[in-house]
Each structure stands twice: as C-alpha cells, then as structure tokens.
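Here is my note for a colleague who is new to this entry. Please read it with the structure open.

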Amino acid sequence: MSDFDTIIRGGRISTAADTFHCDIGIRDGRIVALGEKLGSADEVIDAEGHWVLPGGIDSHVHISQPSGDGIVMADDFESATRSAALGGNTTVLPFCMQEKGVSLREAVKAYHAKADGECYTDVSFHLIISDPTEQVLGQELPALVDDGYTSFKVFMTYEGLALSDLEMLKVMAVAREKRALVMVHAENYDVIRFLTDQLEQAGKTAPRFHATSRPVIAEREATYRAISLAELSDVPLVVVHVSNREAMEEIRRAQQKGLKIFGETCPQYLTLTENDLDGLNMEGAKYVCSPPPRDTDSQEACWQGLQQNVFSVFSSDHCPFRYDDPQGKLTPKGRTSFRWVPNGIPGVGARLPVLFSEGVRKGRIDINTFVAVTATNHARAYGLSARKGTIAVGMDADVAIWNPDIEQTLTHAMLNDGSDYTPYEGMKLTGWPVTTLVRGKVVARNGRIEAPKGHGTYLKRDLSGYV
Ligand code: DUC
Ligand code: ZN
Ligand code: ZN
C-alpha cells in the first residue's frame, strides 16, 4: 500500500507568508505531510520547475443569478466552476440573491438546487439582502447565519436592490448581533439615475456613457457613507469592487482610524479603462460593469491598494453575459441605450493568470501578496480558514501548480466558460496554472477537466475572521 494517495513532488511552494521547496503528501483529500523525498503514492505529480500555490478562492462571483427582463446569465454552476478550476481556483463564493417578495430561505433553497451536483470546485454562498422585512431581519437572517451563511451583501444602487440608509442600518444591526460580515456595493443611486436621464435626453446612449453616468464621485460618496454607517453600527465592512483612487483613499482613511473596513478590487480595474467602452457600434457593451473601468490613474491606485494592504482581497466579480445574444449585452430587447446593457463581465477563469502576469511577473507584487489576496485572505474573511487558503498539514489539499514562465496570448477559448468573449482577449500573459487539485483530486490539468462534475461540494462557513 502507498504512503499517500498523491504526492506533489519537487515544487516551489509559496504561502501568504513563506516560500520553500518540498514535497506535499496528500491522503483522503487533505495535506498530511510536507517534507523532502516523501515515500510512495498512487499518483506522483512532478512539480519540478513549477510554483505550487494554494488554490485560488474567488469570493465574488455571480452564477445563475436572476437578471431580469429577458436577460440570462451566461454561466451555470457547471460552466462557471469549470472555468474557475481551469484558471487555478478551488473554491468560489457566489451570491444567493433574494428577490423582492421572496423569503431568504426560499432563495437559499432554490440556489442550492442549482448548484447541487454541478460543481467542479467547492462553493459557498453569500446572501444578497434586497427585502429586509421584519421577518427577514428578525427570523430568517439570524437563523441563516447560524446555518453557515455568514456574510451578506447590500446594494446602494440598482432598482429592486438598493437599500435606504435606514435599511442598511437595520441589516448592520443584525450583522452586529450575529457577528456576520457585511459587504457593500457602494454607488450613489440618485446620482446615477439623475445622470442617466440627462444623458439619454441629450441622445448620449452609447455604451461609453455608462461610465459617464456612474462617476467616481458617486462611488466615493457612497463608500464614505457606507463606512460611516458601519462605524455607527460598530460592524466590519467589506467594500467590494473598488475602482478608483478616491474610494480607495476613503477606505485607507477608515483603516488608519482603526475601523475594520476592508477593500476588494478586481482585474477590470487594473487592466481596463473607460476607453474600452468606446468600441465600434455596441462593442463597448462587452466592458459594461459597475462600477465602470476608469482611467490609468485609477488603475495605478488599485495597484497601490493591493501593494499597501488597503485591499485585502482580489476577486473577479465574474458576472457573465453573452455579447452576441438577445438574452445578453447586445441590444437586449432591441433597446440601444447603455441603460439596458446588463452590468457585469466574465472573469473567473482569467482572474489569477492576469494578476500573476501583470502583478507578480511584472514585479508589482510579490508572490506572497499574490497568495494572500487571491486565497488566504478570502478564507480568513469569509470563515473558511480552518480548511482553506494555505498549504499546511491538516488543510484541504486545494492546490494550483503553476508554470511560471509559459508565455501565451489569452483567448476566450482558453477559459472555457459559458460566455462568448473575454474582456481580456489578446493580453500577453506570462505564467499559467497547469494543474488544479480540489481536496486532493486533480480537477483540471493542461487545459482539460479530469474530475466528474459534482466533485465540488458546498461549504458551510464559520464566522468571519474579520469580525
Ligand atoms: N455588481 C456586482 O457586484 N457585480 C456585477 C455588477 C454589479 O453591479
Ligand atoms: Zn456589486
Ligand atoms: Zn459582483
């Protein structure tokens, strides 16, 4: 009988803290040994010349989320977690969205039904609170936190989702009581509504004006307000998908005051600008997401946020719609104004290669920061660090093995998601995750899926390490 089920031999391992060379011994899905020249195994994976990292945890993805009015998301759980695994991820955290008038419990039940048996990576769900009724706040939400749904997102914009300040305070009061973690989409709804109407009246309806309708001021103001409400409520807060310097500086200021305010940024804010929304005809719709990509100074600020620990997590905000599809971005229902273009872009498969290449290989961040912002900090923030997010004895064997030197041009075909484009098409990338193991099983290798769908399981979470 072999000593281990699997040995990953001879790789260069990096965690959020250290880099060292050794073998990894895996049994029953967990790391049981780190050492030199470990004995025998049923499968030995040669990692000589490769970098061995904790599998990515993408804590901000949208999968099979109801998107309203004839619009359909491009990914279900099978295709999204397939792309995630091919891109070096081992866990994703999508949002289970409550629609107005629907109970949270019902929403959670429906979402589990979509995910069960469909996943290649492990999954867990945040909640989106859109209808904070007395029943939701008093009964359902507290019970769901006890059941392992320990984080929830609130929106300050979008019809059907935006909460008033009063409603946000009520949600935060539950979070304080239950020690749950609140995430916020911070953009000023009234500013966006006002500017959208004005732009349309002036005939300015092209995708580019999506960015004009959601200026930095709208994000900065809402960020400041959300932080203020969190301070008043005495709760930690994650400001998600931060796109620019002013919002980043609001978060830094709060952190310097000693508040538990955390920041997240995403690949689109490091690599795209609002000029990408300028494509011919409706091509710019491919880049419509919210907040929108900004300018090169904003990109620089987002890099600084990662370098200086203002942002602790780097997520994809994968929110996929097909482009050339009546249910997607291109003139939904024949409507041509940017107002109707579904907000969101795909990125779950591209997130890690883009940051590895643009960040680590170009010398903007070191490999330990890469691991922290793509895996370890996500596990800590969202109550998974007892099992996930690092390479250590006793942890789940969630591992991505990288060829750090391979040079490729990114194409949508490499990502294997349900969309029909990637906003990162044509990027020259150095480094790629060649093998991904989820709880010790090879799920993706050399661009192919090897595990059956359903290997990925649902994770009940502990309370956040940030609370
Ligand atoms: N917010 C998200 O979190 N994702 C996609 C679109 C949006 O507005
Ligand atoms: Zn959002
Ligand atoms: Zn999102």
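1. Basis. This is a predicted model, in which local features need pLDDT of at least 70, side-chain atom pairs count only at pLDDT 80 or more, and totals for chains, interfaces and linings use all residues. Residues are numbered from 1 along each chain as its sequence is written, chains are lettered from A and ligands numbered from 1 in the order in which they are written, and side-chain values use heavy atoms, with hydrogens and water left out.

2. Zinc ion (ligand 2). Three residues coordinate this ion: Lys153 through NZ, His185 through ND1 and His241 through NE2, at 2.1 to 2.2 Å. Donors here are N, O and S atoms within 2.8 Å of the metal (3.2 Å for Na, K and Ca); water is not among the atoms, so sites may look incomplete. The spacing of the donor residues in sequence is K-x31-H-x55-H. His185 sits in strand S11 (residues 181-185), and His241 in the loop between strand S12 (237-239) and helix H8 (245-256), so the pair ties together parts that are 56 residues apart in sequence. Helices (H or I, at least four residues) and strands (E, at least two) are DSSP runs, numbered from the N terminus. Both His185 and His241 are buried. Buried means under 20% relative accessible area, exposed over 50%, and partly exposed in between (1.4 Å probe, protein chains only).

3. Zinc ion (ligand 3). Its protein donors are His60 (NE2), His62 (NE2) and Asp317 (OD), at 1.9 to 2.0 Å. Their sequence spacing is H-x1-H-x254-D. The zinc ion (ligand 2) is 4.0 Å from the zinc ion (ligand 3). His60 belongs to strand S6 (residues 56-61), while Asp317 is in the loop between strand S14 (311-314) and helix H11 (351-361); the pair links parts of the chain 257 residues apart. His60 is buried, at a relative accessible area of 0%. Asp317 is buried too, at 7%.

4. Helix H2. Buried in H2 are Leu104, Ala107, Val108, Tyr111, His112 and Ala115. Seen down the axis, these residues fall within an arc of 135°, so they line one face of the helix. The arc is that of the directions from the helix axis to the C-beta atoms. Lys109 and Ala113 are exposed on the other side.

5. Cavities. There are two of 30 Å³ or more. A cavity is a set of points, on a 1 Å grid over the protein atoms alone, where a 1.4 Å probe fits but cannot get out; lining residues have an atom within 4 Å of a point.

6. Second largest cavity. This one holds about 30 Å³. Among its lining residues are Leu86, Trp432, Val434 and Arg445. Helix H1 (77-86), strand S16 (428-438) and strand S17 (441-445) each supply at least two residues of the lining. S16 gives the most, with four residues.

Technical notes:
1 Å grid on protein atoms, 1.4 Å probe; cavity = no way out; pocket = protein on both sides within 12 Å on 5 of 7 lines; lining within 4 Å. Points joined across faces, edges and corners; volume = space filled by probe spheres on them.
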